[in-house]
Amino acid sequence: MTEELGLLDDAFARFLEREVAPNYENWVEAGCVTREAWAKTGAGGFLCAGMPEEYGAAGGNFAHEAVIIRRLGLAGFDHFGIALHSAIAVPYILHYGSDEQRQRWLPGLASGDLIAAIAMTEPGTGSDLQAIRTTAVRDGNHYRISGAKTFITNGQLANLIIVVAKTDPSAGSKGTSLFAVETDKVEGFRRGRNLDKLGFKGNDTSELFFDDVRVPADALIGAEEGRGFYQLMEQLPQERLVVAVQAMAAIERGLALTLDYVKERQAFGKRILDFQNTQFKLAELKTEATIGQVFVNECIARHVAGELDSTTASMAKYWTTDLQSKVMDQCLQFFGGYGYMNEYPISRLYADARVQRIYAGTNEIMKVLIARSL
């Protein structure tokens with residue numbers, strides 16, 4: 001945490017208190033953050049913080065994104081899908097898009113005029129990206145995209161969606177390509193329902209349908225067809241690191257809330273904290289949280305230096321999210337019956353933690369990837 005990153009953290013914390021805190025519970029109830037909130041976040045310079053200044057962004061790196069992601073978690077506002085927009089979807093255009101594509105889309109993504117999503121997952125495929133069935137068929141100077149996607153974060157509002165599709169279904173992974181679909185400019189694109197989830201209630205997560213959607217040939221990301229799977233594999237380590245950063249922020253917040261509670265709540269004539277079981281459990285969790293944070297900080301430093309490998313990112317993703325679920329379960333237990341009430345933040349943290357072990361590749365897939373390196 002350099003002085004520059006500290007200033008960013010302070011500025012974003014003030015922005016959240018001013019612009020997000022008064023509205024956040026309304027967004028959670030509605031199941032979606034407003035477009036106005038996205039625009040204000042972009043105007044404040046907090047979208048695409050790791051993107052070069054030439055595209056209207058802050059000109060930072062992944063450390064800047066990590067500061068924003070962490071602060072969202074510490075403030076309890078992590079249903080706002082900034083991380084998916086800035087640190088997961090946008091990099092595909094930044095790293096693989098043509099100069100014309102970057103000039104066309106990146107400024108709007110930094111300002112919040114465009115909201116990004118990435119459409120990988122399909123009904124029945126889960127973490128198996130090679131099994132996707134959405135197709136993109138060349139038709140003169142256009143492609144026709146047909147298929148269905150599900151569990152798409154930012155799906156109700158996104159108007160620039162990175163779509164994973166098969167351009168050559170017979171070529172396996174080499175037949176996969178990525179397309180940038182401007183939803184406001186095409187016909188045949190439909191949004192399904194805003195999915196009713198166990199956690200992350202304030203983050204819109206949707207079904208998307210592409211019914212022979214016609215996009216220009218220059219919607220293809222990359223110089224040629226068939227590069228999509230390699231592009232995904234190169235960017236997934238960052239996505240998994242994003243999840244690890246989110247996990248550690250939630251752990252930090254969960255422990256802080258629990259410590260405040262056990263210092264005040266009494267049972268059998270003394271504070272919950274004064275029981276040896278409470279002390280031992282929290283000592284264990286604090287130690288593991290410290291280990292996890294050191295590991296994630298090291299991963300961030302490696303990634304900024306261009307040295308984070310897929311195996312280490314997979315380790316970070318699976319271990320921190322497993323720890324997140326463990327911490328939230330133990331912390332909720334200290335709250336007793338109150339922990340089961342939705343009005344207590346620990347209840348939301350408990351529900352939100354569960355999906356962390358599923359998306360960005362299930363933790364079982366993470367272990368398969370790690371095992372391949374042995």
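Let me start with the aromatic cluster that Tyr 24, Trp 27, Trp 38, Phe 77 and Phe 80 form together. Please keep in mind that this is a predicted model, in which local features need pLDDT of at least 70 and side-chain atom pairs count only at pLDDT 80 or more, while totals for chains, interfaces and linings use all residues. Residues are numbered from 1 along each chain as its sequence is written, and side-chain values use heavy atoms, with hydrogens and water left out.

The structure holds 13 aromatic pairs, where rings of Phe, Tyr and Trp (its six-membered ring) pair if their centres lie within 6.5 Å, and planes under 30 degrees apart count as stacked, over 60 as edge-to-face and the rest as tilted. One of them joins Phe 12 and Phe 46, whose ring centres are 4.9 Å apart with the planes at 50°, so this pair is tilted. Because Phe 12 lies in helix α1 (residues 3-20) and Phe 46 in the loop between α3 (35-43) and α4 (62-75), the pair ties together parts that are 34 residues apart in sequence; helices here are DSSP runs of H or I with at least four residues, numbered from the N terminus. Both Phe 12 and Phe 46 are buried, meaning under 20% relative accessible area with a 1.4 Å probe, protein chains only.

Tyr 92 and Tyr 96 also form a tilted pair, at 6.3 Å centre to centre and 40° between the planes. These two tyrosines are 4 residues apart in helix α5 (residues 82-96), and so are separated by about one helical turn. Tyr 92 is buried at a relative accessible area of 0%, and Tyr 96 is buried at 16%.

Notes:
Buried < 20%, exposed > 50% of the residue type's maximum accessible area, 1.4 Å probe, protein only.
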